[in-house]
Amino acid sequence: MRAKRSKKYRKLMHQYELTFGFREPYQVLVDSNFLRAIHQFKMDLIPSLERTLKGKVKPLLSKCSLAAIMAAQPKNPKTNNPIRPEHLPPPTTLPLRHCSHNEEDTPIDEAECLLSLLCPNKETMRNKEHYILATADPPSAEVLAQNPQVLGQNGELSNPKKRKRAEILHQELSRKASALRAGARSIPGVPIIYVKRSVMILEPMSTPSEQVRLGVEESKFKAGIETALSVVGKRKRDENDEGPKPRRAKKAKGPNPLSVKKPKKREKQRPEDQGKKNKKSSENSEQGTSNGPGAEGEATVKTKRKRRHKSSKAAGDKAGGENNNSETVGAEPAASDSKENAAD
């Protein structure tokens, strides 16, 4: 339960920070009942508040609360001043918060003083100084009956009138404590801490505080949407707008460079090589004109030499020999015929 409560309190204080602007150190207004309760249960003031609020704290005691504490104490007969109670911490631990409610600077009721500090202007209903209220239930009638001012000079509780007086005082103090807590809940943005059975408890958000938180979240949500729309470039159409603008025609795009065949790179010719090539081309043209068109064709067309196998080469040589013999045999009668014609 302690871990769950700690997580819950951390989230709650984070909501107060986001919505109402609370910052560390938290200013905590304590009342007389709260100081009496932590002293009764032997709790340390600052460490207990820091564990509850999950941050550094600065406790404050109003001038009217101090007057209410000292008024309930017996007076010292020598100095005729009230005795400092044990449950009141020193000023170094609990500094005094000055409050001026009237011109005479006289203290007023403790509950009214604390409510005026929490909400100076009732029209705005705003916790301007970001105070946190720490309170507790008043002491029981038995504890109040032990007070010498209630008991009187005899200091005995046997008298029923004194018991009745203690009960009446307890009812009045409990009524003021409940009125203080109800008035603090009606002010938006006031966290309330109270002590119950040696446990310090942070109350959940009151209804006015919850309504303010929801309104702030909705405004942030709308502002975020408007900024997003402005960034995208969308805007509401005015009455003077003529309607949607015509779309522009799409331009013809070029072919995909990955699907196009890349052109071959040509090497740059040097001027010296270019001159040699020009000379060779001129010589070739002169030879072609001198040899005639047939020579030019033979020069240009070159047959590819085929490689023959050994067996096919031998057969070719034999065929070549027979052809040569037939040519010689045929040449002899041709020569004799030519001789006969010459004799005639």
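Which residues in H5 meet Lys176, Leu180, Gly183 and Ala184 in H8? Select Ala111, Leu114, Leu115 and Leu118 in H5 to find them; contact here means heavy atoms within 4.5 Å. Before going further, note that this is a predicted model, in which local features need pLDDT of at least 70, side-chain atom pairs count only at pLDDT 80 or more, and totals for chains, interfaces and linings use all residues. Residues are numbered from 1 along each chain as its sequence is written, and side-chain values use heavy atoms, with hydrogens and water left out.

**The helix pair**

Show helix H5 (residues 110-118) with helix H8 (residues 160-186). Helices (H or I, at least four residues) and strands (E, at least two) are DSSP runs, numbered from the N terminus. The two axes come within 10 Å and cross at roughly 10°. That makes H5 roughly parallel to H8 (angles under 35 degrees). Axes are lines fitted to C-alpha atoms, for helices over the stretch in contact, and angles run from 0 to 180 degrees between N-to-C directions. By class, the contact of H5 with H8 comprises six nonpolar residues, one polar and one charged; Ala, Val, Leu, Ile, Met, Phe, Trp, Tyr, Cys and Pro count as nonpolar, Asp, Glu, Lys and Arg as charged, and the others, Gly among them, as polar.

The whole sheet is open and has six strands in the order S3-S2-S1-S4-S5-S6, with mixed pairing. Strands pair if DSSP finds at least two bridges between them. At the edges are S3 (96-97) and S6 (199-202), each pairing on one side only. Next select helix H1 (residues 2-20), which packs on the sheet and touches S1 (26-30), S4 (131-136) and S6, its direction making about 40° with that of S6.

**Inside the sheet**

Now colour S1 by burial. Four of its five residues are buried (under 20% relative accessible area), so S1 is largely enclosed by the rest of the structure. S1 pairs with S2 in the parallel sense over five bridges, and Gln27 stands opposite Lys58 in S2. S1 is also joined to S4 by four bridges, again running parallel; Val30 has Ala134 in S4 as its bridge partner.

**Last stop**

Select helix H4 (residues 63-71), where Cys64, Ser65, Ile69 and Met70 are buried. The buried residues of H4 pack against S1, helix H2 (32-40), S2 and H5.

Note on methods
Angles under 35 degrees count as roughly parallel, over 145 as roughly antiparallel, 65 to 115 as roughly perpendicular and the rest as oblique. Buried means under 20% relative accessible area, exposed over 50%, partly exposed in between (1.4 Å probe, protein chains only).
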